[in-house]
Amino acid sequence: AYDMTQSTEDNAMSFELSARDGASATSEADKAPLLPIHDVPADAASPASSLNVGSSAATNNDTKSRAMQLLFGAGGIYASFLYYGSLQEDVFRYESEDGTKFTHAWYLQVLESLANVIFGTIALIVMGASSNSKNSVGLWWGGTPNLPKKPFVSSGFSQVCSKAFTSLALANGLSFPVATLAKSGKMAPVMLGSLILGGATYGLREYLQVLAIIGGTAILSMSKKKASTSESTPLGVVFILLALVMDGVTGGVQKRLLADMKRVQVTPQPYDLMTYTNLFMMLFALLISFVLGEFSQGIAYCASNPKVFSLIWKFSMCSAIGQSFIFYTVARFDPLVCSTVTTTRKILSVLYSILFKGHSIAGQGWLGLLLAIGGIASEVVHKAMGAGKKKLKSLGSS
């Protein structure tokens, strides 16, 4: 339950889950035309009576095509989300001429969700316009017919709260590397909830993995050089813990969303998930920002500091484009491949921030960083070994 993609990739993890729950996910995702789709040669292209040379050439072409697809998908995820993380850190480290910083996290979520809604809506319209058959896309504009909207309400609320709390943690002094690593410990609240409410059981490996991530992050958070300008404030820690709690809630909410869709026999397309989830995220963020007075304050701050507004929109577009690359990759490869890419991306984001954003870490901090990264990487290795065993088993039984 905790092997889902993270950070802003969280908005796309509904699709990853649906890809695991049903074979229809791949066929649905293949309809997304905003990213180039490379057709894989069918086995029927090489009849049994063909020469071995022709078969070998077809296999080589297939391998090259798959390699190019992986390079395109993984490269897009790395580029989009590495730049996304860098921009997010720049937004909350920006300081205006009067010394004030951008702290309007709910206003930020309005703009980011709006960008995703616009991008997802355009994708659905293009899908509808490019559809060649009535059965491939149900509505003229590309959306799934009879798609229930109510399940997206709770999903949108939990996700926007998680993202806003993460932003508030950064706005209240938590460093980007610590926040990113802490978000990797999202399996902790999921495991705790499953143990208390679901009666689940976990092995020693799962407990050690969680302890490594949490312990390593704590060591990194408490260890800094005297010259360091970043400091993890108690309020920043509180907000990142709240974000983790909402991550745990989101996992259960999304399972229920997919169950509701299955109950009414509707298979949502990836851009359905992206558009409607972000629509409700935007509405909740808009409401909360108005109540807190952040909406007008955020507009005023961005008007006085155009550079921040430029950073926010670049950051928001990276979010939307990155999710599309996740859809592309999961549609063509095992979800493990996408999970591996997004996990290693997060590690690279942390290292990039430390090396190029002026973070100063003592030796103890590096030890904590290595411990946390080891915990994150162990899950990828475990899943890769599990996938390999399944393939060997299937080959042995065939």
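Helix H10 spans residues 270-292 in this predicted model. Its 23 residues reach 33 Å from the first C-alpha to the last, close to the 33 Å expected at 1.5 Å a residue. Just after H10, Gly293 adopts a positive phi of about 80°.

**Confidence along the chain**

The protein chain has an average pLDDT of 76, and 70% of the residues score at least 70. Confidence is lowest in helix H2 (residues 24-29), where the mean is 35, and highest in helix H11 (residues 294-304), where it is 95. Over residues 1-7 the pLDDT is below 50, and this stretch has 30 contacts in the model beyond near neighbours in sequence. Residues 226-230 also stay under 50, and for them the model has four contacts beyond four places in sequence. Where pLDDT is low, the predicted coordinates should not be read in detail.

**Aromatic pairs**

The structure holds 15 aromatic pairs. One of them joins Phe309 and Trp313: the ring centres are 6.2 Å apart and the planes stand at 75°, an angle over 60 degrees, so the pair is edge-to-face. Both residues belong to helix H12 (residues 306-332); because they are four residues apart there, about one helical turn separates them. The accessibility of the two partners is set out below.

| Residue | Relative accessible area | Class |
|---|---|---|
| Phe309 | 33% | partly exposed |
| Trp313 | 25% | partly exposed |

Elsewhere among the aromatic residues, ring pairs link Phe72, Phe325 and Tyr328 into a cluster.

Key. Residues are numbered from 1 along each chain as its sequence is written. This is a predicted model: local features need pLDDT of at least 70, side-chain atom pairs count only at pLDDT 80 or more; totals for chains, interfaces and linings use all residues. Side-chain values use heavy atoms; hydrogens and water are left out. Helices (H or I, at least four residues) and strands (E, at least two) are DSSP runs, numbered from the N terminus. The expected span of a helix is 1.5 Å times one less than its number of residues. pLDDT is the predictor's confidence in each residue, from 0 to 100. Contact means heavy atoms within 4.5 Å. Rings of Phe, Tyr and Trp (its six-membered ring) pair if their centres lie within 6.5 Å; planes under 30 degrees apart count as stacked, over 60 as edge-to-face and the rest as tilted. Buried means under 20% relative accessible area, exposed over 50%, partly exposed in between (1.4 Å probe, protein chains only).
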